[in-house]
Every structure is written in structure tokens, then in C-alpha cells.
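Colleague: I have the model open and a few things to ask. Can we go through it together?
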Amino acid sequence: MDLEEAKELKERCTQCAAVSWGVTDEGKYYCTSCHNVTERSKEVVDTAAIPNTKIQAISRGLKRKRKLEKGWDWYVCEGFQLILCQQVEALKTLGVGPELKNDVLHSFWKRYLQKSKQAYCKNPIRTRRRKTTALEDTPSHSDWDSEPELISDFICSSFAESEAESQPDLHTQKPFPIIKAPNSGIAYTCSGSLDGVEYSQRKEKGIVKMTVPRTLAFCYLSLLWQREAITLSDLLRFVEEGHIPYINTFEHFPEEMKLYGRDKLIFAIESWPIYEDIYKNTIELATFLDLPRFPDITKDCYLHPDILCMKYLMEVNLPDEMHNLTCQVVKMTGIGEADFLTFDPIAKKAKTVKYDVQAIAIIIVVLKLLFLLNDNLEWSLSDIAEKYNEKNKKDKPWFDFRKWYQVMKKSIDEKKQKWEEARAKYLWKSEKPLYLSSYNRPVVYKRREVVVNLQKQFSTLIDSTPVAEKQNPSSFQFNWTEENPNRTCFHGHSLQGILKKKGQSLTTMNSLYWLSTQKFCKSHCKHVTTYEESYFSQSYQFVISLFSFLLRIKTSSLHEEVSLIEKRIFKAKYNQSKKKPSKKKIRKVK
Amino acid sequence: MSDFSELMRPSTEGDRMETCVLSGTGMHFPWLQKYLNSVLTERKKEKAFAQTTTECLSLMQQALLKHQWQQAAGYMHSYLQVLEDWDVIKRQAAPEIIWKLGSEILFYHPKSSVETFNTFADRMKNIGVMNYLKISLQHALYLLHHGMLEDASRNLHQAETWRYGDKSSSQEVLINLVQAYKGLLQYYTWSKKKMELSQLDEEDYAYNTASQSMLNHSWKTSINLCALIQIPGVWDPFVKSYVEMLDFYGDRDGAREVLTNYAYDDKFPSNPNAHVYLYNFLKKEKAPREKLISVLKILYQIVPSHKLMFEFYRLLRKSEKEEDQKLGLEVLFGVLDFAGCTRNITAWKYLAKHLRQTLAGNRLAWIQELWDSRKNWWPNFHFSFFWAKSDWKEEKTLACEKALVAGILLGKGCRYFRYISKQDHQVLKKKMKRMKKSVKKFSIVKP
């Protein structure tokens, strides 16, 4: 009936792009598929018909109002599932294989639902609770027995249909199975989801509850299982750059899934994911899911330190020849072994390697071996290299630490400034504001409107130069070329002048070394060492801050990783307890 | 130690604490609890959203300092989201910050216009109740700045009639201020009309209508102004225009009352201008000398270097009372204490003359009393060798007066006097001679 009334309007809806219009009781057009009300109003042609339509409108208006407030019935875990779906789709567009979604993440998620007793088990949590409430209120509770199957049906279909996934609006096309909740009005007034209130109150021992940050832990676990070429820091950087949905993911939930009240506390997120947190969550989750040993990380895997070191050497513009040295360090310390690298959650003490941080730490150790980084030797070596390069312009240039520092310092400062600016300008708030209660709702919507209007006003005053378009996702953050003097590429420079021949083999000119941590903390606190910047040389500080910015981690955790690598290299020194470790050390290079 | 442990115990009843303070056995730190609370809340991890807004605010302030209006507008664009902060305290504090910085941006931004400013102000007025009046007032000032008097007046009128339950009563001062500014605008039209009137002939038939409309205007204006100036505060422009109108219509008593109240009411903050206005009014009225002296006495206590002090001095000189003569000397010393007056020839002339007369009248004690507190620093401050040279070079008469004073206060041996007296000058020969003689006769430092 509505459709007939509004056939003359052929425009697309601004919200959902559908062409199906109805007329509200004030005579304004509204979209029947998303209930978006427009400013345009229907012109009344036939005045004689007015009394009749008015009556019709009143009766219709009441019905419509209720429809607007109540959407589909849905559960919190379905919300998380939608987020995971969005994220995994994004990963697929980044080039990750389709098995990640269909096999790995799907089975992890299934296992999670089972372990947390939400589905795929005999007596799911929800049913138990519901049964008791249903018994009290209404004698007939027979509908509830069939619920777990319904849910699992949906989950399976949503995950397994790989053909349909290519269509972005899969979820709007495929409505959720509507589960009737006879007493939902009484027990769940404060959330759009059916179990929002209950979910946020649930505190069962031994159960890892789903949170939005944990969706990233799920993604990382599946990436790790597939041995994909994405490290945790890459994943978080993609989140930050907006390539993987994380903040305000609920915006893309189907229109009929209403979020408010408790859902806000569960799904709205106002923080960037932090490396350490996600890392911890990943281990927690893997242990909770009781996952078996992950596929071995072998020499040909991207996550192997040899390959990651190469990648990061390229990233930070260091000579390729250093790769030889990093490989040696890896060999010496034994951290290239599959047993060491492979994640095994069932093992006694579940621990996964921070592949990216570790690779960077190896590079720092090599830098210390070559240049000592004591604010002295690196500069005198640079003087030698500079003189040589001036004399022999045609030869392969020697690596000049000072020049490298200048180039890197400039690039990193620029990048950091841009990054800080972008962070300061980030718009957190969703187009679809969340409110805590229905009383709160008009206020929240009004506030949103005010902000939008004010923003519109100021956006006309912003510098007209277009904001740099969204960067294409890349594993590399820098791009070095030989042509641009500000972006000089050092990849081809040689380490001659830093190494010297000694009999058959090459050794480093520098024969000294200092340890980043003299003594490790043995108490029960979580950290093994601390990083007090002022204790260290300027060049060490620079290197640490440069690399920790690349990975977006804290300087202290990188320092800790460096110390741990050194602990492996200089095991003997550390074992001579009490005795001050001697500073002398000679290393041979083949 | 026992006091401290008592302190740490959470106190439930406030009176226990009070007796504690009264008996003097314990200490009471009302700020301690607050401090402890803030320590606790600071430990909570700050959300990235909060970091974003804080960082954005500081970058916006930096951009404003560097006059980078476009960048500042860019930061404002994202700072606006603070209005949707879940933290109530931050959300409520935001409108004021946004208004202040936003109006600054819109005031200077090259692409901004009066229209943009108006829409911005109208939007900001309606966020939260507490800002309406303040923003309306500042909006009006902006319009005034752009010469849009009528719009400003309309704006003030709107603000004046705004009411919001009991919130409006707590902002009474602001309402009064709004009214007073409206009154000031009306005063402006009134004084324009006064100008027109003064050009008209009294016989002219237009004269009557013009004076009638003036009268209407002044009546409205005075209502608007008088409410504000009852409240303690500094209201110079309002008081001035109000008095001018009262005076014009012959209500001298009313005007005097307003000014006296403004100057003498203890509840009002100390304000030199209040006394200046009152003095000028009384002077015009030809009030008795005692009255004028009493007004300026207070001004002297607030601003001893005020330019009216010479007038004050002359009034004191005319008085027959001894204490007034002494006060006169004090006033001169007081004026010369200020670096801005070191080269004031009138002051030195008066001082030299007065010193001579005082000493002739055997009032050495007066001078000694005033000199005691200054003898440590005046020699370097006024009578250094450097001053002697530069004074002689630039203003010979000043140098002579100063040398006389220096000779009297410091004796013949002082550098300033010696330098000046050694100079040779045709025209000033007589004067120099007199100076030397006076010094010999009156110097308080006997060789």
C-alpha cells in the first residue's frame, strides 16, 4: 500500500540506495528498507481524499513506530562474528588465501563457541538460563529446545559460503533467523542484543570472554596458523591505517541489528590496539581453545628470522651485506630452529615468539657488533668511510653510519610528525551514535547532529589541498631510491672498512661490545629489564626509538628483546654470576 | 605521628574534623582527599580518544599561536568530536573551549565572514545552558567590532529576554552586563543625537522632536545601565556615560551620588578611575577645596604617580593647614619615586621651591623623615654622574633644579651638584649663583 503511494519518487535512498519509498503521516517520504526519512514531502493533489488518508496514516504510524524501535533478535556472539567476518574479508583483499576464512578462522571460532559453551555443545549457556526464566514466566517453553541448532546453522552457512562472500552486502541480503523471545521485553530492556546485559555481567572462571581487541587476536592466530606473510605489528598497522576494520565496526552491522545500552560497552571501542595486549590475548586465547602445535616455522617461512631480518634491513635502509651477519647471529643463538619458533599452546609454558620484534633486535645486536654505538666509534668509522668514498667515487661506496643517520633521522621525523598529526585528527565517533538508554537517545542524536553541523562549517575553512588519499596497504613504510638525496638508498653499500681480514676469515674492526642489560631482574614482576633512556648512548637511543616507531611498540619492550638476544649470545658471561662480564669480545665472520 | 594517623582514617562526620581544628590538636588538609582521588584516577589508562582530543587541542593552540588559521580550522574540525565524549566532565567543559578558539579562528581566517561567525555563534549558544549569555555578549562585541550596531543591539536584546528556569537567576550578573552593553549602545545613539541637536537652532521646529526622542532614549538607557553599576565591579565606561546623561538633564545630585557610591563603596574593588571621575565632576561643580583634597588624597594612596598629583599639590599649597603643606612635600617625593617621572621638570621645580621654603620655616624634621627611606637609593636613582651629564646636555634648567635639590639633600660634595656647579653657562649664570647660595644656606648635610 505504501509503495503505491510513493511510486512517483524514483531517487535512490541516501542511506541504503534502495528505491522503495513510503509516505509518513506528516507526508514526508521515507525509505521502506532502511526507514530513513527524507526532507521531501509528498504534494497533496487530491484534497478530497485527505480525511481518509489521515485516518490511515494514524493507524499506520503507530505500527511503524514500534517497528523502528525493535530490530532483529540477535546475540552478542553474533555481533563478534560479524566483526570477524568483516576483518577476514579485509584480510582477503590484502591477499591472504581464502582458506584462512573458510577453514582456519571458521574452525577456531567454532571451537571458541564450543569451549565457552555458547553453541555446539549439549547444554549451551543461553538455553540453560533462558529455560529457567521462561519457566517462571510462561509455562510453554518448547520453542527454546531448537535454538542451538538454529544458531549453528547460521554460523555454518555464513562461514562456508565462499561464493556469496564476494558480495559485500551478504548480511543484509541474508536475514538472520529470527528467534522469538517471548519475554525479551521484561528481561533485556537495556540492550539491543538479546543477551547484552547478561553477557556483560557474566564472570565465569576459566572462560575467555570475547572483546573487540580479541577479534584481532583471532585474526592473528589464524594468520599464524596459515604462516601468512603478516606479522602482528603489520596487522596492527593495517588496523591503524584503516585497511582492517576495528573501530566502529558496528556501523556495518545490518540495519535491523539495533545496538544500544550494554551493547555500547561491548562493541564501541575508543582505543588503538596495543601490541603487547593483543600478543597477550593471542596466547590466552590459544590456550583457552586448547589448540595443538601450530605448523612448523621453517627456513622458507616469512616469519623465520632470516627472512624477516632481510625485510627489515631493506625497510630501514641498511646494507644488504649485513644480512650475512644477522644469519650468523641467528645460527649462534639457535633462534632459527623450528622448535623454538613454532607456537605450541599446549606446551607447558605457552609462549609465542614476537617474530617482528625479535628480528629487529637481531639487527640492533649486529649494529652494536659493527659500530659499538657508544657515541664514539660509529663516528670515527664514519669519518674513514667518508674519506674513502670521496677518493673512490667509482667504487662501491662504503657504508657511512653518519650519512645513514642523517637520512633516517629526517625521514623518521617527518613520518612521526605526520603520524602524530593523523592521530590527533582521527575522528572516533560513529555516524551511528550509540546510546545507553532510550531516554538518552534523543540527546545523543542531537549531539551528533550538532557536531556534524559544526564540522561542516569548519570543513570549508580547511586548507583546500586534498588530504593525501588513503595509502595502499604495504608491508613497507619507506621507499628508498638512489636518485633523491633525501632518500638515499644504502642497500648496495659495502661493509668494507668495518670488517678486516684475519687469516682466512673476516672479523669486525671493532672488538668491543657492551651489554644492554648487565643483570636481569629475577623477581616475580613481569619485566626482565628496564629501559632508562638517559643511561644509554645517543645512537643507541636513536636506533631503539627508530625501530620501535616502525613496529609501533614501546621502546622498553624492544630494549628487552635486545637484552634477551644478548643473553643467548653471551650465555657464558651471564653464567659467571657476580663477576662483572668482561667487555672484550671478538667475533669471526666467515 | 598520632595526628597523621588520625588524618588517614576516613572521617565520616565533618564536625569531628572541625573540633579538631578548633582545639588546635590536629591538622586538617582538605586538599588531601582530593589529591588522593586524583592519584587514583590518573592511574587509569587514558583512552586513545582522550589522547586524540588532548593532542588535537594542543596542536590547535600551537597553530593559533603561529597564526596558521587554516591548520587550526583543520584541528578544530576533529576537535569538535569532544562534544560527544562519554566523559561528562570533559564534554561539559568543551563548548567553552570550542567557542573561544573557534571564534578566534573565525575572526582571523581569510575565508571567514560575518555570516559564518553568526552561524557559529548561534550554534554554540545552544549547546548547554550555561554558555548562552556569555556567547551572546561576545557575539555582540564581535558585531560591534565590525560596525554592525543594529545587529549587536538585536543580539543583546535577545539575550536579555532569555530565561532558563533557575539557571537564569544564577547568571544575574551576566544578564545585567548584557543590559548594560545594550545601554551603552543606546548611549552611543543618544550622544549622536546630542551632537545633531547642538547644531540645530532652538527656534527650529525640529528641535523639539529631536530633544523629545533624546529624552526617550536616555530614559531607556539609564534603566539599562543603573542595574549593573549597583553591583560591585569595575564599570568605567558605563558609569561615565550614565553620569553624562544624568548631568545633561540636570540631575546633579543623582550624578554625584552615583559617582560617590562608585568611588567610596567598600564592596567595589579599588579603582583609581572612580576617584578621577568624582574629582573631575566636583571640580566642574566648583566644590570647596577641602572636598577636592579629600578625593585626591585617596587617589594619591592608590596611584602616587598619577598625573593629577600636580593638581593635588597645588591644592595643598593653597591650603593654610600645616599638615597639608607636609603632605604636599610627601606627594612630590612620591611622584619622583617613579622612574617615569625622573625627568619631570615641574616636579623638580616644585620640590626645590618647597624644600627651600620648608627649611626656611624650620621644618627640617619633615624632610628628614621623608629622606630617611630614600637616602639609600635616590643618590643612584636620580643624582648619579651619568644623570648629571645627560641632564645637562639635554635640559639645562632641569639640571639646575635637580642640582639644587641634590645640594640640599646630599650636601655640596655630591657628584651631581659638583658637576653642574662647575659648568659654565652665560644665560644661567645668575641662576647658578642663586643655587649655590641656597645650597650653602639650606643644605641639610652640614660639612
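Colleague: What share of the contacts in chain A with a separation of 6 or more comes from residues 24 or more positions apart?

Modeller: In chain A, 72% of the contacts with a separation of 6 or more are between residues 24 or more positions apart. Contact means heavy atoms within 4.5 Å. Before you go on, this is a predicted model, where local features need pLDDT of at least 70 and side-chain atom pairs count only at pLDDT 80 or more, while totals for chains, interfaces and linings use all residues. Residues are numbered from 1 along each chain as its sequence is written, chains are lettered from A and ligands numbered from 1 in the order in which they are written, and side-chain values use heavy atoms, with hydrogens and water left out.

Colleague: And what is the corresponding share in chain B?

Modeller: For chain B, residues 24 or more positions apart account for 60% of the contacts with a separation of 6 or more.

Colleague: What is the mean pLDDT of chain A?

Modeller: The mean is 77, and 71% of the residues of chain A reach 70 or more. pLDDT is the predictor's confidence in each residue, from 0 to 100.

Colleague: Where in chain A does pLDDT stay under 50?

Modeller: One stretch is residues 43-68 of chain A, for which the model has 13 contacts beyond four places in sequence. Another is residues 578-590 of chain A, with 32 such contacts.

Colleague: Changing topic: how do α19(A) and α4(B) cross?

Modeller: The axes of helix α19 (residues 401-425) of chain A and helix α4 (residues 48-65) of chain B come within 7 Å and cross at roughly 115°. That makes α19(A) roughly perpendicular to α4(B), a label covering angles of 65 to 115 degrees, with under 35 degrees roughly parallel, over 145 roughly antiparallel and the rest oblique. The axes are lines fitted to C-alpha atoms, for helices over the stretch in contact, and angles run from 0 to 180 degrees between N-to-C directions.

Colleague: Which residues meet there?

Modeller: From α19(A), A:Arg423, A:Ala424 and A:Lys425 meet B:Thr52, B:Glu55, B:Cys56 and B:Leu59 of α4(B).

Colleague: Next, A:Ser548. Buried or exposed?

Modeller: A:Ser548 counts as buried because its relative accessibility is 4%. A:Ser548 sits in helix α21 (residues 538-551) of chain A.

Colleague: What is A:Ser548 in contact with, leaving aside neighbours within four places in sequence?

Modeller: A:Ile553, A:Lys554, A:Thr555 and A:Leu558. The C-alpha atoms of A:Ser548 and A:Leu558 are separated by 6.5 Å, and the two are ten residues apart along the chain.

Colleague: Over to chain B. Which residues of α23(B) are buried?

Modeller: In helix α23 (residues 415-422) of chain B, B:Tyr416, B:Phe417, B:Tyr419, B:Ile420 and B:Ser421 are buried. The buried residues of α23(B) pack against α21 (385-394), α22 (396-410) and α24 (429-442) of chain B.

Definitions and conventions. Helices (H or I, at least four residues) and strands (E, at least two) are DSSP runs, numbered from the N terminus. Buried means under 20% relative accessible area, exposed over 50%, partly exposed in between (1.4 Å probe, protein chains only).
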